[in-house]
Amino acid sequence: MDTPLSTIAVVGLGTMGTGIAEVLARAGREVIGIDVSEAAARHAVTALEASTARAVQRERLTEEERRNVLARFRTFSDLQAAAEADLVIEVVPESYEQKQQVFRALDGIVRPGAILATGTNALSVTRLAADSARPERVLGMHFFNPAPAMKLVEVVSSVLTAPQAVEAVTALARDLGKEPVAVGDRPGFVADGLLFGYLNQAAAMYEAKYASREDIDAAMKLGCGLPMGPLALLDLIGIDTARTVLDAMYAESHDRLHAPAPILKQLSEAGLTGRKSGRGFYSYEAPDSGTVVRDALTPLEAAESGAGRPVGSVGVAGSGTMASGIAEVFAKAGYDVVLAARGQEKAETAKSRIAKSLSRSVDKGRMTAEARDETLARITPAGSLDAFAEVDLALEAVAEDLEVKQQLFATLDKVCKPGAILATTTSSLPVVACARATSRPQDVIGMHFFNPAPAMKLVEVVRTVLTSDDVHATVRAVTARIRKHPVDCGDRAGFIVNALLFPYLNNAIKMVQEHYATLDDIDAAMKLGGGYPMGPFELLDVVGLDVSLAIEKVLHREFRDPGLAPAPLLEHLVAAGCLGRKTGRGFREYARR
């Protein structure tokens, strides 16, 4: 196994196999492409010709380099062609039977020192190795789609794999310009192990009609900075593939979060497998197209219900970062804002914070000094909620404590004029409990902004069973006027974003707790393999471990699912006062400011 892996066979020339072949050929390896379908082989050659031609146009390759790359890629329809390979990468469909058939055939073809790698993302590498004549040379090499662009490669070893084989494949991955992460053999490995649980929950959320497909996808893109929404991503991956991965994960974990949502089975068995079939959660222009077209579920452009109420002035209760950020957003949109805190001095301090934020925008050329002064002039600081007597919309952004919020709503009920809309910015508490603290629950709604409010585009509009249609329509219209994107959701724990985000973060903690992978490897896997802007442990330390634990507890209490129970490691760190960046230590240590 001391060979430099210069000749590599790729078995299976679908999208992934073709992408891997391109990466290898462009890195100077001799590539033997093998597929029983001659059409697939021709398509792979055509794809490589097209991608290298684009690279020449963009001046990333010379014409001579392109010719060399194409010359290094040869295709065959018979596995016998793998006889000269130093490494064989199998990328056939996710089926034990098909993969075992390939591995058994390769046993009698490849030379003794060759390494056999499976590209599975769901099946047991150990089981495939055990069926091989030389299990010590079998491992997993999991690329991510599209292989030429994605940097992550998970190198999966079983208890049978020889260290030399792992070292050789890891070195190859680095030579290819990839970031190899070493992981043990369990379904989903790191990236898909975390990703598919999240995708499954999103599918279940949609199936339960809690939110529309558009709102679920927009919420996760705008609220978490993800490159794609979960339902669009399921369509890209293939709904049948996702179901196979989840089945394998559930067979091992018996965690309900991994039990495939019934809608995945329904869509798969109907042939609605996503982009490749032209229809999945969304409808596409044609099979294999990424262009979404309207269908019966597409919302109308102006789907607001009811005429709504006039809103000219807004009251914001609170003096923290979120309250001042929300006040800034409304004032910039032209609303007169009353910013009320517990005492005039706190309210003035909050307005000063807004002034600094606006000045930074002026310095960066995002607004003029005149616009800054006009915005500030619209904000009136007040030391009491009595100043809300004439506002049309009152929002609270005080501590995330139900008793505190209920007392505040009882006060707003007495102070605000009839017809004023009362809104809570809670991220985890029941909106209806705030509504019931008033004599006008029909006027109460949730408006969950994301931090920092001036920058984040998402607002979750949370309607209770008591909220009136015109209040809902008004808040959606106001949200659009302040240049935010409203998504509708019902009044249940976590709404859309936190209900999908925090179980994923909790599962990442469990991986570390079980010594399956390191913090750094998990963070790298999700950034490089999933396109996440931050790894789960970076994000946990920014959010605050105490805040994260509180949200996990709320989700567990609401849904009573054992899989949602907070990871003990999270509870231990919070008990020890390790709350993340704000204390200088969380999952990692930080320099004190």
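Two residues are in contact here when they have heavy atoms within 4.5 Å of each other. With that in mind, here are the legends for this predicted model.

**Figure 1. Gly343 and the residues it touches.** Leaving aside residues up to four places away in sequence, Gly343 touches Ala382 and Gly383. To find Gly343, look in the loop that runs between strand E12 (336-340) and helix H13 (344-363). Gly343 counts as partly exposed, because its relative accessibility is 26% and that class lies between the 20% and 50% cut-offs. If you also have Ala191 in view, note that Gly343 and Ala191 are 152 residues apart in sequence and that their C-alpha atoms are 49 Å apart in space.

**Figure 2. Ser95 in its loop.** Here we turn to the loop between strand E4 (87-90) and helix H4 (96-107), where Ser95 is found. Ser95 has a relative accessible area of 17%, so it is buried, the cut-off being under 20%. Thr120 is 25 residues from Ser95 along the chain, and the C-alpha atoms of the two are separated by 9.1 Å.

**Figure 3. The two sides of helix H22.** Helix H22 covers residues 568-575, and Leu570, Leu573 and Val574 are buried in it. These three residues lie on the same side of H22, because they cover an arc of only 100° around the axis.

**Figure 4. What H22 packs against, and what follows it.** Which helices do the buried residues of H22 pack against? Their partners are helix H18 (497-513) and helix H21 (545-559). Following H22 comes Gly577, which has a positive phi, near 80°.

**Figure 5. The whole chain, for orientation.** The C-alpha trace spans about 85 × 50 × 50 Å along its principal axes. Of the 593 residues, 54% are buried. Among contacts with a separation of 6 or more, 69% join residues 24 or more positions apart. The chain exposes about 25200 Å², and carbon and sulfur atoms supply 51% of that area. Its side chains include 65 positive and 74 negative ones, and the centres of these two sets lie 4 Å apart.

Technical notes
Residues are numbered from 1 along each chain as its sequence is written. This is a predicted model: local features need pLDDT of at least 70, side-chain atom pairs count only at pLDDT 80 or more; totals for chains, interfaces and linings use all residues. Side-chain values use heavy atoms; hydrogens and water are left out. Buried means under 20% relative accessible area, exposed over 50%, partly exposed in between (1.4 Å probe, protein chains only). Accessible areas come from the Shrake-Rupley method with a 1.4 Å probe; for residues, only the protein chains shown count as cover. Lys and Arg count as positive and Asp and Glu as negative; His and the chain ends are not counted. The place of a charge is taken as NZ of Lys, CZ of Arg, CG of Asp or CD of Glu. Helices (H or I, at least four residues) and strands (E, at least two) are DSSP runs, numbered from the N terminus. The arc is that of the directions from the helix axis to the C-beta atoms.
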